[in-house]
Protein chains: 2
Amino acid sequence: PRRRLLTLDEYVAGVRGGDRSILARAITLIESNAPAHMALAQEVLRALLPYTGGALRVGITGVPGVGKSTFIEALGMMLCERGHRVAVLAVDPSSSISRGSILGDKTRMERLSRHPNAYIRPSPTGGSLGGVARKSRETLLLCEAAGFDIVLVETVGVGQSEIAVRGMVDFFLLLMLAGAGDELQGIKKGIIELADALLITKADGDNRARALAAQAEYTHALRYLTPATEGWRPRAYICSAQTGEGIAEIWREIERFRDETTASGVFAARRRDQARDWVYTLIEDHLRTRFFGHPVVQGQLPAIEQAVVEGTLPVTTAVQTLIQAFESALQGEGTGS
Amino acid sequence: PRRRLLTLDEYVAGVRGGDRSILARAITLIESNAPAHMALAQEVLRALLPYTGGALRVGITGVPGVGKSTFIEALGMMLCERGHRVAVLAVDPSSSISRGSILGDKTRMERLSRHPNAYIRPSPTGGSLGGVARKSRETLLLCEAAGFDIVLVETVGVGQSEIAVRGMVDFFLLLMLAGAGDELQGIKKGIIELADALLITKADGDNRARALAAQAEYTHALRYLTPATEGWRPRAYICSAQTGEGIAEIWREIERFRDETTASGVFAARRRDQARDWVYTLIEDHLRTRFFGHPVVQGQLPAIEQAVVEGTLPVTTAVQTLIQAFESALQGEGTGS
């Protein structure tokens, strides 16, 4: 049964008061693609904006099987026990097909999901990465307005979604497995360069020695990379969600990061840059979608692209043809309206 | 005195016949921003397209002072002496201000510029990087149609121009200096990842031992990076334009690259991908320029951006406002035309 929308004031007061049911409904509103919902969602967001920005935002990524959810549960439980209020969000564009391929399974973080200080929200099913990222960013702001002081943003190792998450968090943590052979195989190009720390998981039992070796190897490799954050040298750590080793240590590292970058001004500067970049990203997404989604372009593009690749049509000519067709169609629409 | 334009047939026959004077005039036509010239230039290009693609395209970059022009002169002379026909182009967006800050100085490659097998063309002064890159790509095609079998594309170490050049060449060579301290300081983020080989220059006299040490260091560092070309492991080399050491060796490496990637199909696949990517890049450049260059957007953007950065305006609202203003303005123009 569809519930009525709340009023602007009801959403704002509810979120501000930390009412989880209203927070969940506000997030659902933010995630809706219906025009009427989108307009109200933007009003809610605008009213709550003065109360956002207070959380430490931490991105967490790693390939499937690295143990992201067990790590997040262990870290989240520790932080909740210390009195923090922890929101866990996910960014996973692929979940639009399978409805929640990460964080969708309620049993995955069963203990954490029952903790009164924790709030877990699966990835929005938004279609494009741009849509998913927009909804996740706005959800993050709602969680801050609701008083969560730590937001963990989980994503999967598909490349583009890491860049989107890097653009919305303060600290970015890459979870890695100690492999059998070359420690550095299987890392997506450029992902290590986004990270403020590497964390080798499952460092327990027979695997602990391998994890320590991988830590030494990565520590060396990190010397050759430009740090993701100005003035901060990323390091490699080990942890075990099973024994608990390394969980408190990695959080100390994240707190040290926050303290140092806050003192240097890098923390605030990144937040400003992220807001500005987000404007440009959304505009460019819109322009691209509008052009490549237009029936005239969709009709002509395949043959033109083929001619370019075969070397029978100069690229500049191809582009001029497409742009002229698109702009003529737009002007026709303008005249007709 | 301005010379008359040649006819389409005169340009095509002249370039195909290897007439340097007509080649130079065809390049000038390609570089022109006048609409009448652009239309003719595209016709010339289209007629010559079947005769392009025959050169090995090599990009060369490095920070100022690394010795790019002395290296290119030494390499170019060696290749010309072996009977190759060598074109040297430059991509340097900054030259739009100073009219040729690289390759502009005729004395820089004096010997090579006098060799009958060589053709040197300074960077076009196109304003934006997109404009410069478009002109350089099309100049490269003209040089191929004129029978040059090796094209060296030089660029400066400013980051974005390396990415543009990587998108138009088969092999990308990064020149580096053996530094005194940490060998890896001062490399622009991500530039090493674009390279198919590193070449440490000025390996002569007292500097040769330092160059060898740097070579060992880089050889180690390259293990940690994802190769720029599928199946090709980049390595570090040393050279001296003064003693001639290493010049023949690096060319052997480039030939080995061509042979191996041709056999594996990676060479042809990259050329196809480059043509396709170029279409998308030009379209996105156009869409961006049209949006951000529109007076309505230019009028509203500064205040909106400021409000977003200060946290008083939600990003999505800001973007919606800008897009609506832009599209209303366009429709008005459409109706009026």
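Which side chain meets that of B:Glu31 in a salt bridge? The partner is B:Arg121, at 3.1 Å from N to O; a salt bridge here is a side-chain nitrogen of Lys or Arg within 4 Å of a carboxyl oxygen of Asp or Glu. This is a predicted model, in which local features need pLDDT of at least 70, side-chain atom pairs count only at pLDDT 80 or more, and totals for chains, interfaces and linings use all residues. Residues are numbered from 1 along each chain as its sequence is written, chains are lettered from A and ligands numbered from 1 in the order in which they are written, and side-chain values use heavy atoms, with hydrogens and water left out.

**Chain A as a whole**

- Chain A contains 13 helices and seven strands; these are DSSP runs, numbered from the N terminus, with helices (H or I) of at least four residues and strands (E) of at least two.
- The C-alpha trace of chain A spans about 70 × 55 × 40 Å along its principal axes.
- Of the 337 residues in chain A, 54% are buried. Buried means under 20% relative accessible area, exposed means over 50%, and partly exposed lies in between (1.4 Å probe, protein chains only).
- Among contacts in chain A with a separation of 6 or more, 75% join residues 24 or more positions apart; a contact means heavy atoms within 4.5 Å.

**The interface of chain A and chain B**

- In this interface, 57 residues of chain A are in contact with 57 residues of chain B.
- The two chains bury about 5200 Å² between them, 65% of it on carbon and sulfur atoms. Buried area is the accessible area (1.4 Å probe) that two parts lose on being put together, summed over both.
- The rule finds eight salt bridges across the interface of chain A and chain B. B:Arg223 forms a salt bridge with A:Glu217, with the closest N and O atoms 3.7 Å apart.
- Several helices of chain A each supply at least two residues of the side that touches chain B, including H3 (35–48), H7 (129–145) and H9 (207–222). H11(A) gives the most, with 15 residues.
- The side of chain A that touches chain B has 30 nonpolar, 13 polar and 14 charged residues. Ala, Val, Leu, Ile, Met, Phe, Trp, Tyr, Cys and Pro count as nonpolar, Asp, Glu, Lys and Arg as charged, and the others, Gly among them, as polar.

**Salt bridges within the chains**

- Side chains of opposite charge can pair when their charged atoms come close.
- Over all chains, the count comes to 34 salt bridges.
- A:Glu138 forms a salt bridge with A:Arg134, the closest N and O atoms being 2.8 Å apart. Because these two residues are four residues apart in helix H7 of chain A, about one helical turn separates them. Both A:Glu138 and A:Arg134 are buried.
- A:Glu245 and A:Arg208 form a salt bridge at 2.8 Å, N to O. This pair links distant parts of the chain, 37 residues apart: A:Glu245 is in the loop between strand S7 (235–238) and helix H10 (247–264), and A:Arg208 is in helix H9. A:Glu245 is partly exposed at 30% relative accessibility, and A:Arg208 is partly exposed at 33%.
- B:Glu31 is buried at 17% relative accessible area, and B:Arg121 is buried at 13%.
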